[in-house]
Amino acid sequence: MAEVLHLDSGSVKIRNPWGVFLLVLVTLGIYYLVWYYKTNRELANYGVGDSPGLSLLAVTFGGLLIVPPFVSEWRFFRRIGEAQRRAGMEHRISHVTGFVLYLIALILLPFETVYAQYHLNRLWRHRAEEAQKAGLGMRG
């Protein structure tokens, strides 16, 4: 089961990265679409990114035009990095590594989901810890 955190920007889920990977495999990629929409929605609620629906559209029907899925994935990893930067995290995701893992996933296995979810979990836990510290008066 995924752990739900309630942040000032809304609810987010801490998902098991390998669980996401296995669900994508077992559902033959259908869960990837669900996961991609939900993670983009969480980032949009946090203030990074605009439309999770448009991102999902880009990786599905946008594939007919070839370029949109690649642009959407590139921007997805950039949004995670931007969210981590805004949260004040020092060690952030490499959007280049994430994109390369996406390219590998087109041929092999979706390891980019593990990489992205790991960094999203770090981000959401960091935000929850900072909010807790602020509630205790430990932050200005």
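This passage walks through a predicted protein model, from its overall build to a few individual residues. Residues are numbered from 1 along each chain as its sequence is written, and side-chain values use heavy atoms, with hydrogens and water left out. Since this is a predicted model, local features need pLDDT of at least 70 and side-chain atom pairs count only at pLDDT 80 or more, while totals for chains, interfaces and linings use all residues.

To start with the overall build, the protein has six helices and two strands. These are DSSP runs numbered from the N terminus, with helices being H or I of at least four residues and strands being E of at least two. Read from the N terminus, the order is β-β-α-α-α-α-α-α. A compact globule of 140 residues would have a radius of gyration near 14 Å, and the 15 Å of the protein agrees with that. Here the radius of gyration is taken over C-alpha atoms, and the globule rule is 2.2 Å times the number of residues to the power 0.38.

As for what is covered up, 41% of the 140 residues count as buried. Buried means under 20% relative accessible area, exposed means over 50%, and partly exposed is in between (1.4 Å probe, protein chains only). The accessible surface comes to about 8000 Å², and 63% of it belongs to carbon and sulfur atoms; the areas come from the Shrake-Rupley method with a 1.4 Å probe, and for residues only the protein chains shown count as cover.

Next comes the inside. A nonpolar core is a set of buried Ala, Val, Leu, Ile, Met, Phe, Trp, Tyr and Cys residues joined through side-chain atoms within 4.5 Å. The largest one has 29 residues, and W35, L43, F76, F77, I80, L123 and W124 touch the most other members. Among the elements giving two or more residues to this core are strand 1 (3-7), strand 2 (10-14), helix 4 (67-86) and helix 6 (111-135). Helix 2 gives the most, with six residues. Leaving out residues up to four places away in sequence, I80 touches L43, I93, A116, H119 and L120.

N40 lies in helix 2 and counts as buried because its relative accessibility is 3%. Beyond its neighbours within four places in sequence, N40 is in contact with P52, S55, F76 and R79. Q117, in helix 6, is buried with a relative accessible area of 0%. Not counting residues up to four places away, Q117 touches K13, R15, P17, V20, W35 and T39.

Most residues other than glycine have a negative phi. L28, however, has a positive phi of about 55 degrees although it is not a glycine. L28 sits in the loop between helix 1 and helix 2 and counts as exposed, at 77% relative accessibility. I66 also has a positive phi, near 75 degrees. I66 lies in the loop between helix 3 (52-59) and helix 4, and is exposed with a relative accessible area of 59%.

Notes:
Contact = heavy atoms within 4.5 Å.
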